[in-house]
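Subject: Structure handover

Hi there,

Here is the structure I promised to pass on.

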Amino acid sequence: MERETGAREGLKGWLNPGKIGKFGIERLAWLLMRLTGLGLLAYFIGHIYETSHILDGKAVWDKSLEMTQTTEGHLFLALVIGMCVFHTGNGIRLMIAQMGYGIGKTERPDYPYKPQSINMKGKACIYATLGMAALAMWYGMAVMFS
Amino acid sequence: MATIHPKLSEELSQTTVSPTQSVKLKIKRSNPNVNSDEKFDDFVVPIEKWTTVLDALLDVKSHLDHSVGIRYSCRQASCGSCGMKINGKPGLACFTKISELNSDTITVEPMDNYPVVRDLAVNFDRMINNHKKVMPYVIREDSEIDAESGVREFLQSPENVEKYIQFSSCIKCGLCNSACPTMAMDKTFVGPQALAQAYRYIADDRDKGKNKRLKVIDESHGIWRCHFAGSCSQVCPKGVDPAMGIQLLRGYLLGIRD
């Protein structure tokens, strides 16, 4: 009987930075897409909880808002901005790919078999999305810390 | 007594023989049938420019430790038997030259996301079951055997062949499933190998089983679990590009493709 445990890598398969080195920027985009998705879901739940304080009166509402008016709060919100921009930009890239655009054309493969779906167009989109996320975070921090 | 022509003798003396190098081969050993222990055994093996990882493993088996468990057959990247993790990345041992790895130490491990049988051999049951699930054959009501005229052919245009020919190169080596990060977490995900084969038959205009196959893959652990990491395509030794096939397959489900 083969060992079933260990048959899957589990979280190691996700989070191992060595995998990004071996499989390239697409693997990083895949990981960030998942992490930002989970991060935004957590933020969404937290946001609903925070805004629900409005029902407890102005004093409680103002106090809950103060949490985001600290240096840590600003850094957290900058991270949320970055997650939003990356998740949106990369999501659009994925939707375009799922519609069959930008992934090359099917053809008889020739050695050394370079996969057409992993191409410069896709890589450029990922770098651009990362750049936009960084820019949005920088702008957000400039506004919040000014 | 035969004499060597002076010129030939001169040429022979100038022929340089490449010095034999050696590498350290670290082989992951385990036997789940006996216990859960895992360890790496190190072997120093001589290599030449053309030595493949499989050559080195067979060298170990022949001269150093015949108990090393590996699966192999054709030695020419046709049978898909010798898939393993080579320096952390899935690859065919027979298709990976040691000289191209640029490393003095070669680590070989069984492929991820498969149960280990022993040492470097893994169990392909899950992959084969998923492959069968997508019905990897041409489905038609009629037959190529014609009662009146005997055997006939289902004709196909060369343009249509181009739509799926690369996906028919799959040798079921399982490297794509091993590299896939979704396979790492989801034990019921159908996997890039089966999805690419589903596309291969749906894109074939002789086939009439599109709806049956789409029904199989359009479920919670089916095609929608793929998030286009592209790792499957990067490790495919035959240029199948499963990631492309999966994206094209989605076109049928999204109504973009007929």
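How many residues does the contact take from chain B, and how many from chain A? Chain B contributes 42 residues and chain A contributes 35, where two residues are in contact if their C-beta atoms, placed from the backbone, lie within 7 Å. On the side of chain B that touches chain A, the elements giving two or more residues are β6 (116-118), α4 (158-164), α6 (181-185), α9 (231-235) and α10 (242-254) of chain B. Of these, α10(B) gives the most, with seven residues. Sorted by class, that side of chain B has 19 nonpolar, 15 polar and eight charged residues. (Ala, Val, Leu, Ile, Met, Phe, Trp, Tyr, Cys and Pro count as nonpolar, Asp, Glu, Lys and Arg as charged, and the others, Gly among them, as polar.)

Before going further, some ground rules. This is a predicted model, in which local features need pLDDT of at least 70 and side-chain atom pairs count only at pLDDT 80 or more, while totals for chains, interfaces and linings use all residues. Residues are numbered from 1 along each chain as its sequence is written, and chains are lettered from A and ligands numbered from 1 in the order in which they are written.

Chain A

Chain A has six helices and zero strands, in the pattern α-α-α-α-α-α along the sequence. (Helices are DSSP runs of H or I with at least four residues, strands are runs of E with at least two, and both are numbered from the N terminus.) Its radius of gyration is 21 Å, well over the 15 Å that the globule rule gives for 146 residues, so chain A is more spread out than a compact globule. (The radius is taken over C-alpha atoms, and the rule is 2.2 Å times the number of residues to the power 0.38.) Along the principal axes, the C-alpha atoms of chain A fill a box of roughly 70 × 45 × 25 Å. Buried residues make up 23% of its 146 residues; a residue is buried if 20 or more other C-beta atoms, placed from the backbone, lie within 10 Å of its own, exposed if 12 or fewer, and partly exposed in between.

Two helix pairs in chain A share α6. Helix α5 (residues 71-98) of chain A packs with α6(A) at an angle of about 155°, with the axes 8 Å apart. That makes α5(A) roughly antiparallel to α6(A). (Axes are lines fitted to C-alpha atoms, for helices over the stretch in contact, and angles run from 0 to 180 degrees between N-to-C directions; under 35 degrees counts as roughly parallel, over 145 as roughly antiparallel, 65 to 115 as roughly perpendicular and the rest as oblique.) The residues of this contact divide into 15 nonpolar, seven polar and one charged.

The other pair is helix α3 (residues 25-51) of chain A with helix α6 (residues 120-145) of chain A, whose axes come within 10 Å and cross at roughly 45°. That makes α3(A) oblique to α6(A). Here Ile25(A), Glu26(A) and Ala29(A) in α3(A) meet Gly122(A), Lys123(A) and Ile126(A) in α6(A).

In the loop between α5 and α6 of chain A sits Pro112(A), and the peptide bond from Tyr111(A) to Pro112(A) is cis, with omega near 10°. Arg8(A) lies in the segment before α1 (11-15) of chain A. Leaving aside neighbours within four places in sequence, Arg8(A) is in contact with Asn113(B), Ala184(B), Met185(B) and Lys187(B).

Chain B

Chain B comes to ten helices and nine strands. Buried residues make up 43% of the 258.

One buried residue is Leu57(B), with 25 C-beta neighbours inside 10 Å. Leu57(B) is in helix α2 (residues 53-64) of chain B and touches Val68(B), Ile70(B), Ala93(B) and Val108(B), not counting residues up to four places away in sequence.

Two backbone angles deserve a look. Most residues other than glycine have a negative phi. Ala77(B), however, has a phi near 55°, and Asn102(B) has one of about 50°. Ala77(B) is in the loop between α2 and β3 (83-86) of chain B and is partly exposed, with 17 other C-beta atoms within 10 Å. Asn102(B) is in the loop between β4 (89-92) and β5 (105-109) of chain B and counts as exposed, with 7 C-beta neighbours inside 10 Å.

Best wishes
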